[in-house]
Amino acid sequence: MKILYAVQGTGNGHLSRARDIIPILQQRGEVDILVSGCQADISLPYPVQHQFSGLSFIFGKKGGVDFVKTFGKLNSRAFYQQMRQLPIEAYDLVLNDFEPVSAWACYFKKKPCVALSHQSAVLAPQAPQPKKEDVFGKFILKNYAPATHHYGFHFDRFGDNIFTPVIRSQIRELTPDNQGHITVYLPAYDDWKLIDQLKNFKNTDWQVFSKHNKTPFRHKNIQVNPIQNEAFVKSMATSAGVLCGAGFETPAEALYLGKKLLAIPMKSQYEQQCNAAALKQMGVPVIPSLKTKHLPVIQEWLENGAVIPVNYPNETEQIIDQILQEHAADKYQSVV
């Protein structure tokens, strides 16, 4: 069985999940990997057969997406060429984690595309939605990487074919500890914007991980570090709590590690607004921004924030087998 596993390369969450999914796929067939997008801080420890620029959203420094830079990097001609040159017909199964080049190649060549992503769960009718509807944001999420079949990961089992998060082995093998600091990952904010607000909490030791600075530095009780996977994981595992955006992988890992969590969804990012709604439904405090008027909520969380218990069993292998049985049964049975 020849499998194309296509992964979104914007941010770190998709690639983190791929690290655990790829070896399972490799046990079941011949796997080619496709990665498109930019702004990831980690890489895959596997050969990537197809590397494309794809379509990327660029993080800004004021709490949201930088649409000027995003559209500045958009090259529709290059995207069309990448889509045309991809030999999509050569594969028995296309498994897609919110990756647009392979998804649209499948669409135009009328080939099945099986989505296995967090976005598939967010789009499910049973999943929590924000109170304020974002028609444009929902349209983008639905059409960015179209698929014929959907399987998703979310913070809870909100419906059929929605599974709990893939917690990577590196996290599952940790022994959590509480050394008192707060780990911060808010890549859509400028470092000094973070410092300007976090310095108000003088008795808290903050460990900030930044997309905007390659050199570590300290300002009073705030340590700023560039993103580095091992350092971030260690900080999170030994923290008293995690302050982060309303992405998926970081909040899921924080919950799994038994850390109290406070989330700030990115502005103009529909997926994060949906995630924030799901986290709020679970009891996680959510604030809309880092504006001064929201600082009392942070203070209350620092003093009295509670850990939200979750049960995230390791089911990745069973999920992959379910997909292969349903969408590549003839090839799958020949290799089991």
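How many aromatic pairs does a search of the whole structure find? The search finds ten aromatic pairs, a pair being two rings of Phe, Tyr or Trp (its six-membered ring) with centres within 6.5 Å.

Before the tour starts, note that this is a predicted model, in which local features need pLDDT of at least 70 and side-chain atom pairs count only at pLDDT 80 or more, while totals for chains, interfaces and linings use all residues. Residues are numbered from 1 along each chain as its sequence is written, and side-chain values use heavy atoms, with hydrogens and water left out.

**Aromatic rings**

Select Trp192 and Phe217. Their ring centres are 5.6 Å apart and the planes meet at 20°, so the pair is stacked; planes under 30 degrees apart count as stacked, over 60 as edge-to-face and the rest as tilted. Helices (H or I, at least four residues) and strands (E, at least two) are DSSP runs, numbered from the N terminus. Trp192 is partly exposed at a relative accessible area of 48%; on this scale buried means under 20%, exposed over 50%, and partly exposed in between (1.4 Å probe, protein chains only).

Next, select Trp104, Tyr107 and Phe108, which form one aromatic cluster.

**Salt bridges**

Side chains of opposite charge can pair when their charged atoms come close. The structure holds nine salt bridges, each a side-chain nitrogen of Lys or Arg within 4 Å of a carboxyl oxygen of Asp or Glu.

Select Asp321 and Arg28, whose side chains meet in a salt bridge with an N to O distance of 2.7 Å. Asp321 lies in helix 13 (residues 316–327) and Arg28 in the loop between helix 1 (13–26) and strand 2 (30–36), so the pair ties together parts that are 293 residues apart in sequence. Both Asp321 and Arg28 are buried.

Move to Arg157 and Glu315, a salt bridge in which the closest N and O atoms are 2.8 Å apart. This pair also links distant parts of the chain: Arg157 is in the loop between strand 6 and strand 7, Glu315 in the loop between helix 12 and helix 13, 158 residues apart. Arg157 is partly exposed at 41% relative accessibility, and Glu315 is partly exposed at 21%.

Then select Asp205 and Arg218, which meet in a salt bridge at 3.6 Å, N to O. Asp205 sits in the loop between helix 8 and strand 9 (206–210) and Arg218 in strand 10, so the two tie together parts 13 residues apart in sequence. Asp205 is partly exposed, with a relative accessible area of 31%; for Arg218, also partly exposed, the value is 47%.

One more selection here takes in Arg17, Asp97 and Glu249, linked in a network of salt bridges.

**Helix 10**

How many of its eight residues are buried? Seven are, and the helix is mostly covered. The buried residues are Glu249, Thr250, Pro251, Ala252, Glu253, Ala254 and Leu255. Tyr256 lies in helix 10 as well and counts as partly exposed, at 29% relative accessibility. From Tyr256, draw a C-alpha to C-alpha distance to Gln269: the two are 13 residues apart in sequence and 24 Å apart in space. Just after the helix, Gly258 takes a positive phi of about 75°.

Select Asn161, in the loop between strand 6 (149–153) and strand 7 (162–163). Its phi is near 60°, a positive value in a residue other than glycine. Asn161 is partly exposed, with 31% relative accessibility.

Select Lys220, in the loop between strand 10 (217–219) and strand 11 (222–226). Lys220 has phi near 55°, again positive in a residue other than glycine. At 64% relative accessibility, Lys220 counts as exposed.

**A charged patch**

End with Lys193, Lys267, Lys291 and Lys293, which gather in a patch of positive charge on the surface. Patches are made of residues with over 30% relative accessible area and no salt bridge, like charges being joined within 9 Å. The place of a Lys charge is taken as NZ. Lys293 lies in the loop between helix 11 (270–282) and helix 12 (295–304), and is exposed, with a relative accessible area of 62%.

Note on methods:
Patch = residues over 30% accessible without salt bridge, like charges linked within 9 Å, V, L, I, M, F, W, Y side chains within 5 Å. Areas by Shrake-Rupley, 256 points an atom, 1.4 Å probe, with all protein chains shown as cover. Lys, Arg positive; Asp, Glu negative; His and termini not counted.
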